[in-house]
Amino acid sequence: MKYTTIAVTILFLFASACKQDTNKVKEIINVNLEDPVVQLIFNYQNERKTDILLTYLTVPNPTHRYLAALAFGSVQDTAAIRDLADLLKDDYEEVRYAAAYALGQTRNIKAATYLTNAFREDSSRLVQAGILEAIGRCGTEEHLKNLSVTRPYPIQDSILLEGQATALYRFALRGLVHKEGTTKIMNDFMANSLMSSKARFIAANYLARTKGIDLSGYENVLMNNVSEEKNPNTLMSLVTALAKSKTKRAQDMLERIYPQQKDYRVKCNILRGLKYFPYDSVKTLAFDALDDKNLHVNITAAEYLYHNGNDLDAGKYYTLADKHTDWQVRSILLGAAVHNLSYFKSKTKAFFSSKIISLYKASNNVYEKAALLKALGNHSWNYRFIASEIFPKADSIIIPEVIRSSGTEALTLLRGSETFDRELALSKIRVTNEINVLLKRAIEEGDPAMQAIVADFLADETLNFKAVFSDYQFLKEAQEKLSLPGSIETYIILQKAINYFEGNPNRSVHKKSNSFTEIDWPLIRVLKDNHKIIIQTTKGNIVLKLHPEVAPATVTQFVHLAKAKYYDNKPFHRVVPNFVVQGGCSRGDGYSGFDVTVVSEFSPKVRYHDEGWVGMASAGKDTESTQFFITHAPTPHLDDNYTIFAKVAEGMDVVHKLEVGDKIITISIN
């Protein structure tokens with residue numbers, strides 16, 4: 001449905017030219033989804049119509065100005081920077097806040113200049129905090145430096161302090177870190193017992209997720225915070241930060257408090273933090289965690305052993321795998337046994353691999369078979385068996401898509417291994433050539449998952465596939481045959497590989513869909529009243545509260561798909577302990593799309609700051625389709641990058657129990 005609004009636009013332009021009477025009582029900003037103009041603004045946001053949206057930035061109605069500004073937080077068009085900057089002087093702080101948010105979302109340096117000037121002139125703490133966060137999204141290293149050395153704000157200015165912490169965090173997520181910024185986080189936020197809980201939460205996330213920072217000098221402060229923190233949402237990040245200090249006292253404390261933790265998510269983060277300490281000094285904790293009553297803890301412990309284990313304990317991993325009853329843990333431990341064995345122990349690797357193959361052949365669980373194939377990818381000589389499983393010997397043989405994608409991952413894993421050459425010894429050249437043929441075949445097969453996995457692998461500059469495939473026309477031909485927008489993720493990955501072969505690896509890649517979901521306003525009108533979205537799963541029911549006021553297009557798509565029974569019997573194909581569960585893929589491996597996409601819808605009104613938020617999986621802006629995820633824990637690094645459209649109202653215990661392969665029975669709307 002298209003909205004032709006030439007007359008309406010002219011009317012609003014005329015109205016906006018009239019000077020507002022500042023003596024009138026201010027209107028209250030009220031987003032009413034039944035307001036026809038509100039619907040128009042959301043429609044133009046959905047259609048990415050910058051020119052028309054710009055006209056609403058100057059209309060008399062503050063709610064409409066506010067919504068138009070917020071719309072640019074999703075549209076992210078740099079052409080709107082100057083007009084949004086003008087809104088930083090609006091009479092309404094909500095409008096100024098929305099303008100600041102949208103400017104930050106442009107990720108453009110020009111926006112940072114306007115924001116900096118506006119910060120000095122604005123008296124609203126809400127707006128100033130929003131400006132600080134926005135600068136964190138689009139500012140330069142110079143902005144970061146100035147922010148890092150500024151004098152501490154008064155403790156009573158909690159909103160401003162939260163904005164400052166968030167700004168430093170946003171800079172860090174972009175890879176911009178200043179030593180003084182980390183010092184400020186530690187001294188002004190973590191060492192201050194009067195700091196607001198929200199500011200501490202953001203500061204703790206900064207410490208946990210910022211790469212390359214040295215926390216060894218802050219051991220005492222971190223230990224005090226860990227011992228006193230009662231909120232698991234903050235404690236999860238604090239134990240990670242404490243582990244990053246890498247000191248013996250930090251290690252001792254983490255080992256001491258581990259058994260006391262009732263929240264499995266804190267246990268998972270402690271186990272992940274073990275990588276910062278000598279393996280032999282902490283491995284016992286990982287071994288013990290394999291017997292924890294929580295499966296997520298078992299999986300995290302097994303993954304630690306896979307990534308950090310050694311040759312001497314490889315046999316133990318094998319023995320523990322043989323005893324473990326869960327297929328996920330068993331598969332990871334078997335992979336750890338093969339992965340950590342020294343390259344010259346080929347007979348032992350072959351023996352371990354034979355065990356994996358026998359389990360693979362005996363299993364009827366496609367996800368277990370997929371995990372076992374990945375385990376086989378840890379030994380180069382398994383390449384022929386893997387190839388036989390992903391490339392059918394006859395056209396009549398149907399290979400499950402999950403097997404094809406996991407087998408392709410296994411093939412790239414062994415080809416990219418640091419021990420690949422040494423394991424193959426004199427056979428290196430012959431086997432390398434065979435695998436190169438298989439990689440090209442994977443592109444030519446036409447399976448979008450195989451294509452995406454291999455294309456991403458071929459673009460790895462360290463492997464120098466330019467010397468192998470001087471003629472890379474097969475990549476272009478595969479891209480041309482893709483069905484869009486369903487395979488838009490594969491299209492983008494193939495383009496990145498093509499850019500690499502053409503010598504332009506840093507060239508921007510974006511593929512715009514020509515088929516987007518239109519907002520169903522009659523449906524939205526019904527959903528704004530009391531409603532229940534019930535996801536029936538094999539582990540129990542999950543009840544969602546939808547948020548059409550921030551993501552009407554996404555809600556439309558989700559509800560339409562649910563009513564059409566699209567999600568029925570779809571598996572949760574991805575479960576990352578203490579992160580997310582993800583489902584909605586028709587293939588079951590995360591590589592399917594739909595013939596209609598939905599645009600990204602971002603809003604500062606919803607944040608991934610606690611568990612149970614429901615977001616859309618994507619391969620980049622405006623590529624969302626059918627797959628959604630539910631968070632186990634706070635994930636603020638996802639804010640304004642992944643659309644939020646719902647929140648779990650009931651059934652978080654079910655979410656925490658979900659495993660790979662569990663299914664959505666159906667989704668009902670009451």
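**Salt bridges, a pocket and a cavity**

By salt bridge I mean a side-chain nitrogen of Lys or Arg within 4 Å of a carboxyl oxygen of Asp or Glu. Arg65 sits in helix H4 (residues 62-75) and Asp90 in the loop between helix H5 (81-87) and helix H6 (93-105), so the pair ties together parts that are 25 residues apart in sequence. Helices here are DSSP runs of H or I, at least four residues, numbered from the N terminus. Both Arg65 and Asp90 are buried. Buried means under 20% relative accessible area, exposed means over 50%, and partly exposed is in between, with a 1.4 Å probe and protein chains only.

A word on the source. This is a predicted model, where local features need pLDDT of at least 70, side-chain atom pairs count only at pLDDT 80 or more, and totals for chains, interfaces and linings use all residues. Residues are numbered from 1 along each chain as its sequence is written, and side-chain values use heavy atoms, with hydrogens and water left out.

Back to the pairs. How many salt bridges does the structure hold? The count is 42. Take Lys283 and Asp280, whose side chains meet at 3.6 Å, N to O. They are three residues apart in helix H17 (residues 279-289), so about one helical turn separates them. Asp280 is exposed, at 53% relative accessibility.

Next, Arg404 and Asp447. Their side chains make a salt bridge of 3.4 Å, N to O. This pair links distant parts of the chain, 43 residues apart: Arg404 is in helix H24 (residues 401-415), and Asp447 is in the loop between helix H26 (428-444) and helix H27 (448-458). Arg404 is buried, because its relative accessible area is 10%. Asp447 is buried too, at 8%. Both belong to a salt-bridge network that joins Glu401, Arg404, Arg441, Glu445, Asp447, Arg587 and Asp589.

Stay in helix H24 for a moment, where we also find Thr412. Is Thr412 buried or exposed? Thr412 is buried, with a relative accessible area of 11%. Setting aside neighbours within four places in sequence, Thr412 contacts Leu439, Ile453 and Phe457. Contact means heavy atoms within 4.5 Å.

Now the open spaces. The second largest pocket has a volume of about 540 Å³. It has 20 lining residues, and the closest to its centre are Val509, His510, Gly620, Lys621 and Asp622. By class, that lining has seven nonpolar, six polar and seven charged residues. Nonpolar covers Ala, Val, Leu, Ile, Met, Phe, Trp, Tyr, Cys and Pro; charged covers Asp, Glu, Lys and Arg; the others, Gly among them, are polar.

On method: on a 1 Å grid over the protein atoms alone, a pocket is an open set of points with protein on both sides within 12 Å along at least five of seven lines, a cavity is a set where a 1.4 Å probe fits but cannot get out, and lining residues have an atom within 4 Å of a point. Points are joined across faces, edges and corners, and a volume is the space filled by probe spheres set on them.

The structure holds three cavities of 30 Å³ or more. The largest cavity has about 80 Å³ of space. Helix H2 (36-47) and H4 are the elements that give two or more residues to its lining. Which element gives the largest share of that lining? It is H4, with four residues. Residues lining the largest cavity include Phe42, Leu67, Glu549 and Lys605. By class, the lining of the largest cavity has six nonpolar, three polar and three charged residues.
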